[in-house]
Amino acid sequence: MLDIKLLVLDIDGTISGSSNKLSEPVKGAIAAVQAKGIQVAIATGRMYCSALRFHQEINSVLPLTAYQGAWIQDPASQKIHRHWPVSRDIAYQLLDYFEQPQLRWLLSVHFYVNDQLYVRDLSQETRIYAERSGITPIPVGDLRRVLTHEPTKILALCEDTELINWLMGDLRRQYTPAELYLTTSVATFFEATNPLVNKGTAVRYIAEELLGLQSNNVMTIGDNFNDVEMLQYAGIGVAMGNAPSGVQAIAQWVAPTVDQDGAATAMEKFLLS
């Protein structure tokens, strides 16, 4: 029997569905888990400022993992435990790649610098993204202007999921995992971060370095490819019913979907029964 002392939750597609809010069953389950003395943390691909309201709503006392683990910050003390950005050289290379004539007008490119979102212009996709995230994007025309700082994350957004899949394959041929961590958190998002970054290393840091736990003391719940590493790390890794089949395949258990409050069901099954 595993002795779970830490539960780590993804946000979008896991504890928050199309409503962009936590449901009462999920909130209740999280509170019940905390009442048993189990700590609860969030690990998300979202910006820190965008994820903060969820962290506050679940009353987490642990640092918040944002940008797939590239940015880990304690909201109480404001201490930044980790910031692993993308190198400026690679950021320039990716921007050149995304601005090839055959791609330039198909992609909305997002650069995240100092927890702010910079874009070339306000595309419809960017507007929808910003509204859901609760943030204000800053249009700058030429994104090279913001590369006086290294970006925490680079995202290319496109409604054509086949193009996103093609980008993933093409750039994985060009960059090794030692150069860039490439993933998708949503089928329409192509995301690039520092090669040391993923939610698995972030959860390990919180569990082992901050809390003195081992992987078998950890349960994680997620719904997409950016959650794979933390599902593999944990003693109990749960995929949501709305997760792609490749993510479900590596999980130890598959919960109902986010719209069926599957995260609450998983907490009931493994931590509250």
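Analyst: We start with a definition: angles under 35 degrees count as roughly parallel, over 145 as roughly antiparallel, 65 to 115 as roughly perpendicular and the rest as oblique. Angles run from 0 to 180 degrees between N-to-C directions, and axes are lines fitted to C-alpha atoms, for helices over the stretch in contact. This is a predicted model, where local features need pLDDT of at least 70, side-chain atom pairs count only at pLDDT 80 or more, and totals for chains, interfaces and linings use all residues. Residues are numbered from 1 along each chain as its sequence is written, and side-chain values use heavy atoms, with hydrogens and water left out.

User: Why are helix 1 and helix 10 called roughly parallel?

Analyst: The axes of helix 1 (residues 24–35) and helix 10 (residues 262–272) cross at roughly 20°. The limit is under 35 degrees, so helix 1 and helix 10 are roughly parallel.

User: What makes up the contact of helix 1 with helix 10, by class?

Analyst: The contact (heavy atoms within 4.5 Å) includes Pro25, Val26 and Ala29 of helix 1 and Met267 and Leu271 of helix 10. Its residues divide into 10 nonpolar, no polar and no charged. Ala, Val, Leu, Ile, Met, Phe, Trp, Tyr, Cys and Pro count as nonpolar, Asp, Glu, Lys and Arg as charged, and the others, Gly among them, as polar.

User: Why is helix 3 called oblique to helix 6?

Analyst: Helix 3 (residues 88–98) and helix 6 (residues 161–174) pack at about 135°, with axes 13 Å apart. That angle makes helix 3 oblique to helix 6.

User: Which residues make that contact?

Analyst: Leu94, Tyr97 and Phe98 of helix 3 meet Trp166, Leu167, Asp170, Leu171 and Gln174 of helix 6.

Terms used
Helix = DSSP H or I, 4+ residues; strand = E, 2+ residues; numbered from the N terminus.
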